[in-house]
Amino acid sequence: MVQAARHAGTADRRSVFELFPRRLPEGRRYGVVAGVGRALDAIESFRFDPPALAMLEGVVEPDMLEWLASYRFSGDVWGYPEGEVYFPYSPLLVVEGTFAEAVLLETVLLSIYNHDSAIASAASRMTLAAAGRPCIEMGSRRTHEQAAVAAARAAYVAGFDATSNLAARHLHGVPSTGTAAHSFTLLHDSERDAFVAQVESLGVGTTLLVDTYDVAEAVALAVDVAGTGLGAVRLDSGDLAEVAREVREQLDRLGATSTRIVVTSDLDEHAIAALAAAPVDAYGVGTQLVTGSGHPTCGFVYKLVAREGDDGAMVSVAKRSTDKASIGGRKYALRRRSPSGRAQAEVVGIGEPPADDGDDRSLLVPLVEAGRVVGRATLEEARDRHRSSLAELPRAVTMMSAGEPVIPTLHEGA
């Protein structure tokens with residue numbers, strides 16, 4: 001497209017692209033924006049190095065290779081900050097630059113936003129269901145090795161407390177934690193030998209896995225080896241609610257009243273909600289988290305919504321394809337709120353910002369100015385933003401059943 005546009009003399013037309021969802025995944029009441037920080041890193045480092053250019057020889061023309069060799073995005077980007085919630089047609093990214101510069105970012109931006117936001121949206125529902133009990137990301141073995149790191153980061157943005165992925169700790173500063181696997185117990189001549197080895201190496205605050213053989217025997221053995229100060233036991237099989245009650249009673253009888261119970265085993269938000277009344281202290285979530293709990297992508301699209309006309313003025317453009325229509329024009333967005341601060345609607349202004357009645361909150365922030373990243377935020381800031389944006393939504397947001405978005409999306413302007 002860029003090569004053809006360069007031939008036509010249209011590649012340098014000022015253009016506005018928008019990254020947005022036409023709808024939420026079926027049954028979801030809200031979504032969560034994640035991957036903003038990774039996207040900004042990608043924009044900043046987007047280059048065609050010599051090996052890439054060599055691969056493209058014969059694919060594109062020589063003058064196109066020269067143009068790619070000097071490619072740097074020099075435009076502007078506005079977007080929803082990381083951790084913010086979103087709804088249908090929320091303009092999550094507004095990218096303005098030449099057509100050639102902006103269109104090249106389409107795939108990398110969509111791949112980051114669609115993946116990370118899917119994970120964060122699932123993680124947010126899980127932490128809501130956990131109602132304050134810690135959630136640990138443990139899904140690295142169920143996804144691509146690079147996606148595993150991104151998933152741990154996205155889950156942390158949406159409220160998870162830690163990850164078992166040490167690369168996420170190294171690259172993004174996500175707190176890490178973990179426990180032993182069944183193979184560690186099976187390695188030793190007895191369960192006692194395994195527990196002794198773990199406690200002697202890691203201290204009594206460690207988490208012992210107690211369902212390799214008989215749970216009741218393992219719990220008794222764990223307290224005998226570590227004492228009543230044992231940090232935690234992990235359950236990974238069976239009827240988790242019933243087993244947790246039995247283990248809690250046994251730990252209390254043995255005097256290990258402060259020993260926590262961590263449960264794992266294909267948990268999702270519905271399974272976590274079902275364990276609300278059980279004596280569970282923390283949840284380890286793997287497969288369902290890193291696959292978006294049934295929705296591994298958000299369905300975001302990246303569309304041209306305005307471009308420079310022959311007279312230099314910006315012209316709104318939109319596709320009209322059946323079921324895939326877009327809305328032309330540069331977008332602005334705010335969260336309409338009641339005087340008490342409760343969210344009432346997602347208001348998207350077309351061509352100009354929607355009116356703020358004094359209680360509303362603007363959603364788009366500058367992320368890139370003239371090619372320079374200006375909108376980086378820390379993960380802690382993203383976590384805080386997620387907590388505050390979630391707190392202003394109607395109470396229906398806590399419902400795990402399928403439903404419509406908790407607030408409507410309204411369009412104002414041309």
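**A loop, a core and a sheet**

Author: Let's begin with Ser265, which sits in the loop linking strand E10 (260-263) to helix H13 (269-274). Helices (H or I, at least four residues) and strands (E, at least two) are DSSP runs, numbered from the N terminus. This is a predicted model, in which local features need pLDDT of at least 70 and side-chain atom pairs pLDDT 80 or more, while totals for chains, interfaces and linings use all residues. Residues are numbered from 1 along each chain as its sequence is written, and side-chain values use heavy atoms, leaving out hydrogens and water.

Ser265 is not a glycine, yet its phi is positive, at about 105 degrees. Its relative accessibility of 33% makes it partly exposed; buried means under 20% relative accessible area, exposed over 50%, and partly exposed in between (1.4 Å probe, protein chains only). Tyr89 also has a positive phi without being glycine, near 70 degrees. That residue lies in the loop between strand E4 (85-86) and strand E5 (93-98), and with a relative accessible area of 23% Tyr89 is partly exposed.

Beyond its neighbours within four places in sequence, Val263 is in contact (heavy atoms within 4.5 Å) with Leu235, Leu240, Leu275, Val280, Ala282, Tyr283 and Gly284. Val263, Leu235, Tyr283 and Leu393 have the most contacts inside the largest nonpolar core, a set of 56 residues. Helix H6 (residues 106-130) gives this core its largest share, seven residues. A second, separate core has 51 residues, including Ala5, Leu40, Met64 and Val373. Here a nonpolar core is a set of buried Ala, Val, Leu, Ile, Met, Phe, Trp, Tyr and Cys residues joined through side-chain atoms within 4.5 Å.

Four strands form an open sheet in the order E16-E14-E15-E19, with mixed pairing; two strands pair if DSSP finds at least two bridges between them. Strand E16 (361-362) and strand E19 (409-413) are at the edges with a single partner strand each, so one side of each has no neighbour in the sheet. Strand E14 (residues 331-337) runs antiparallel to E16, joined by two bridges, and Leu334 has Ser362 in E16 as its bridge partner. Seven bridges pair E14 with strand E15 (residues 343-350), again in the antiparallel sense, and Ala333 stands opposite Val348 in E15. E14 and E15 make a hairpin with five residues between them, and Gly341 in the turn has a positive phi of about 95 degrees.

One helix residue deserves a stop too. His172 belongs to helix H8 (residues 166-172) and is partly exposed at 27% relative accessibility. Setting aside neighbours within four places in sequence, His172 touches Arg38, Val149, Arg153, Ala167 and Leu379.

The chain has 15 helices and 19 strands, and its C-alpha trace spans about 80 × 55 × 35 Å along the principal axes. Of its 414 residues, 50% are buried. Among contacts with a separation of 6 or more, 72% join residues 24 or more positions apart.
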